[in-house]
2 protein chains.
Amino acid sequence: MTIEAAIAEISSVLGDRLTRSKSVLETHGQSETHFAPAPPDAVVFPRSTDEVSQIMRICTRHACPVIPWGTGTSLEGHSLAIRGGVTVDFSLMNQVLAVNEADMDVTIQPGLTREELNRQLRATGLFFPVDPGANASLGGMAGTRASGTTAVRYGTMRDNVMALEVVLADGRVIRTGSRARKSSAGYDLTGLFVGSEGTLGLITELTLKLHGQPEVISSGICDFASIADAVNTVIATIQMGIPLARIEFVDAATAAAFNAYAGTQMPLKPHLLVEFHGSAAGVADQAGQFSEIVADFDGSDFQWSDQTEDRRALWALRHNAYYAILQSRKGATALVTDVCVPISRLAQAVEETRADIAASFLDGPILGHVGDGNFHVVLMVKPGDEAELAEARALASRMAERSLALGGTITGEHGIGMGKLDHMQAEHGEAWAIMGDLKQCLDPGNILNPGKMVRLN
Amino acid sequence: MTIEAAIAEISSVLGDRLTRSKSVLETHGQSETHFAPAPPDAVVFPRSTDEVSQIMRICTRHACPVIPWGTGTSLEGHSLAIRGGVTVDFSLMNQVLAVNEADMDVTIQPGLTREELNRQLRATGLFFPVDPGANASLGGMAGTRASGTTAVRYGTMRDNVMALEVVLADGRVIRTGSRARKSSAGYDLTGLFVGSEGTLGLITELTLKLHGQPEVISSGICDFASIADAVNTVIATIQMGIPLARIEFVDAATAAAFNAYAGTQMPLKPHLLVEFHGSAAGVADQAGQFSEIVADFDGSDFQWSDQTEDRRALWALRHNAYYAILQSRKGATALVTDVCVPISRLAQAVEETRADIAASFLDGPILGHVGDGNFHVVLMVKPGDEAELAEARALASRMAERSLALGGTITGEHGIGMGKLDHMQAEHGEAWAIMGDLKQCLDPGNILNPGKMVRLN
């Protein structure tokens, strides 16, 4: 078998940093969501770009699939080894290589997690803001073009990756971008690899933009009588240009899950959780303006605090939302899906989704990064129950179709992986074929995370 | 001849919107800078995407070069028809197709200029901020990944183009991106076409992000004893996170040119021209903080004003800088070049460039969008004087090499065109070969703006 031949050769390079232990294969064959496990034939733990390059050369020679692995927290089955092969786990390549405080950038290895990066940056007065919730690896976050709660202020990985080192399918190592803040020098290869989900190359080094730790951070929460009131508050805030750092929506079902999980006493209504970053005067000004908008939409008194402990509690709640929701149905797994629409269509998109779920036999709390027009549904299903999974898939499909009809996208931040392939044609039409052409150009043997992102003839 | 056959066929489609008039060919064979004229064999003026698609199909069949044309204001000879062929002038495709005020986006045709767009947006309270100086077409600005004075606050075309319609070499029409504010749905084709200088496809429609017109705009100017003081003021301001809308550097030579051109009485010293956008309180706060930094670096009293006429006068001066500088040497043309470095290296880069020019026999005022680390030199040369042009080229080459040595890029915003091709290998190494592979993938006949951006075997 060609895969076996590749594994034997890689083993001779990496020694005991190639493993075929059942438990390791199983761990790397799972995802956080409902997908059926698909373990690789081996997992390798490279320590350097050169080792990654050697792995790729061997795998190209033997037509062996290669799947990149960060922390395994992606939600659409991105790292499942659906055609077997070798999973490249980047956990040993997790170093900060250079912090450039004056330029507010950092160069790191892909296995470093965002929380560890921020821990190491603490004394510099700088931080890396992109926050998808999970403590994901930064290589994985680049690969999936992750975003999360702070994208409304600081942008997504698309906006915050300045440069990459990438190992191509044939083992060549290239560098894209630079530490300059902008460039017109050629095609934007950095942008091409960010979000390519490991299908065009393996990221072995990243240079990221950093941001100044805000002088003052102020967080708050308020509730509304209806989804429309909450969402219209968001729209008005964005249109007024108030620079929110975070603005998160949770619906009544999510509030109920929070109450059960964390002992909070949130009213069973739609809520907004917000955060402002800036100078003391700036934050007070922004919070004041926001309070007025909340009042215009008959929201509850906006309660805000700049105390660290209050803030931590609020965002811990939000970050644990997935687990809180899962706990609301014992033994459940979930189909987690997201879409992103132009903000003027957000209320309609959320309300129609809410109605669609209400008419189904599944529960699915709605929450999201509404400042971007992005929201999520966590559709709880019993593991192995095909009828429930089919119902969840149908709901998710209609959500994607609705998003496209409203001028949006089938996924704002979760990516394609296995879960959204069937909607790529509807979103992109002929442009999806072009993506396939680019894939074939850069990976003619189709060994890089095969079966994801594109369909090849 | 194959070009002649293509022209005959296109003529049968476009009628008198294909012209071979000598004066039109000459106009489209020139650039704003020092490059030798290179007229096309015909200029066509399509009215629709379908016509552009027909043109491309004909040109593919006959292997006829196709060069896109907006307003001809690019600085590196992007639109010169160096292999003849057909120049596609987009001036008749200049309509605003849809303004989405609630979503703060607009869909337009590529021939629309940025000033005309902003004129049409005036009543909406929104504006399109990217401002390269020239009243360029928005299609051309996307093609060259333009930026300019406001990029420090609002980003470049990379950040402000949400979606495109593109006609490919074979005539296929694709759509990239969407009106959603973010997406993880597939490869970032929008980002691939932005900055591709017409070498991968012709842009026939753009959706752009808009921004709220600032409540208050405040502009000001101050001067410094040294380049280092001025640049270090910029670095400190950026590092403190003060949200400048514009921060422009002009050196003493540029100040002298302004005085001669516009009758100003600027001291013959390095200056910073700045602008703040925001609420009245926010702008006052920012200007106050900035004044303190200026004082720290012994700058002159920072004079600021929120009067429209003062502001207009200040930025008219900056926008006319190229013409003011050209007037300082009678009959001169110029080699205009730009680089962009990490901001910590900006003072060094500018000072070494200043010294290098001082040691040459040419004059070259320095000015730039220093908040991004981006600066320009206007090297004045006598048209047709090969020794002067060679000296200017050598200075520009050393500037590009210096930028790379400092971790920067060979061009922050002017692009590659004809002028920077020789430095692409040094900046990108093997990644430049990958750009060539992508070009061959999307334009196998090499008919799209051939001879620019990449070198094909």
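Colleague: Into which domains is chain A divided?

Modeller: Chain A has domain 1 (2-91), domain 2 (93-212), domain 3 (216-322) and domain 4 (329-430). These bounds come from an automatic or database domain assignment. The model is predicted: local features need pLDDT of at least 70, side-chain atom pairs count only at pLDDT 80 or more, and totals for chains, interfaces and linings use all residues. Residues are numbered from 1 along each chain as its sequence is written, while chains are lettered from A and ligands numbered from 1 in the order in which they are written.

Colleague: Why is A:Gly84 called partly exposed?

Modeller: A residue is buried with 20 or more other C-beta atoms within 10 Å of its own, exposed with 12 or fewer, and partly exposed in between; C-beta atoms are placed from the backbone. A:Gly84 has 18 such neighbours, so it counts as partly exposed.

Colleague: Which residues is A:Gly84 in contact with, leaving aside neighbours within four places in sequence?

Modeller: Contact means C-beta atoms, placed from the backbone, within 7 Å. A:Gly84 meets that with A:Ile3, A:Pro40, A:Asp41 and A:Pro65. A:Pro40 is 44 residues away in sequence, yet 4.5 Å away C-alpha to C-alpha.

Colleague: What makes β6 and β10 of chain B a pair?

Modeller: Two strands pair if DSSP finds at least two bridges between them. Strands are DSSP runs (E, at least two residues), numbered from the N terminus. β6 (residues 105-108) and β10 (residues 202-209) of chain B have four bridges, in the antiparallel sense. Therefore they pair by that definition. B:Val106 stands opposite B:Leu208 in β10(B).

Definitions and conventions:
Contact = placed C-beta atoms within 7 Å.
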